[in-house]
Amino acid sequence: MSKIMLNVGGMTCNHCKMKVEKAIQAVSGVESVNVDVEAKEVVVTGEVDHKQLVMAIKMAGYSVEDRNEPFAYQE
Ligand SMILES: [Cu+2]
């Protein structure tokens, strides 16, 4: 499983958080989503296509920056 970290701009409240979470959860392969509104950070785990993820967040109305390539980690 890989972990993807994104910077998401434009989130101001809990409603935004829920909107972003919902958009990300709709992307295939997503296993978990963690949204930190104050830090503007989103962490997604799963086998996810980065472009699809970025598109989903943009479609929800937020700006997004892919912080790094996914890195694999053992559990
Ligand atoms: Cu909001």
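What we have here is a predicted model, where local features need pLDDT of at least 70, side-chain atom pairs count only at pLDDT 80 or more, and totals for chains, interfaces and linings use all residues. Residues are numbered from 1 along each chain as its sequence is written.

First, the overall layout. The chain has 2 helices and 5 strands, and along the sequence they follow the pattern β-α-β-β-α-β-β. Helices (H or I, at least four residues) and strands (E, at least two) are DSSP runs, numbered from the N terminus.

Now, how do the strands pair up? Two strands count as paired if DSSP finds at least two bridges between them. Strand 1 and strand 4 (residues 63-66) run antiparallel and are joined by 4 bridges. Strand 1 is also joined to strand 3, again antiparallel, by 6 bridges, and there Ser2 stands opposite Gly46 of strand 3. Strand 2 (residues 30-36) runs antiparallel to strand 3, with 6 bridges between them. In that pairing, Val33 faces Val44 of strand 3.

Which residue in the turn between strand 2 and strand 3 has a positive phi? Lys40 does: the two strands form a hairpin with 4 residues between them, and phi of Lys40 is about 60 degrees. Lys40 is a residue other than glycine. For background, most residues other than glycine have a negative phi, and most peptide bonds are trans. Lys40 is partly exposed, because 17 other C-beta atoms lie within 10 Å. The cut-offs are these: buried means 20 or more other C-beta atoms within 10 Å of a residue's own, exposed means 12 or fewer, and partly exposed is in between, with C-beta atoms placed from the backbone.

By that rule, buried residues make up 19% of the 75 residues in the chain. Val43, which sits in strand 3, is partly exposed, because it has 14 other C-beta atoms within 10 Å. Its C-alpha atom is separated by 6.9 Å from that of Lys3, 40 residues away along the chain. Leaving aside neighbours within four places in sequence, Val43 is in contact with Lys3, Met5 and Asn34; contact means C-beta atoms, placed from the backbone, within 7 Å.

Next, the inside. A nonpolar core is a set of buried Ala, Val, Leu, Ile, Met, Phe, Trp, Tyr and Cys residues joined through C-beta atoms within 7 Å. The largest one here has 14 residues, and Val8, Val20, Ile24, Val42, Val44, Leu53 and Ile57 touch the most other members. Strand 1 (2-9), helix 1 (14-25), strand 3 (41-46) and helix 2 (50-59) are the elements that give two or more residues to this core. Not counting residues up to four places away, Val20 touches Val8, Met11, Val35, Val42, Ile57, Ala60 and Tyr62.

Finally, the helices. Helix 1 and helix 2 pack at about 145 degrees, with axes 9 Å apart. Here the axes are lines fitted to C-alpha atoms over the stretch in contact, and angles run from 0 to 180 degrees between N-to-C directions. Who makes the contact? Val20, Ala23 and Ile24 come from helix 1, and Leu53, Ala56, Ile57 and Met59 from helix 2.

Definitions and conventions:
Two residues are in contact if their C-beta atoms, placed from the backbone, lie within 7 Å.
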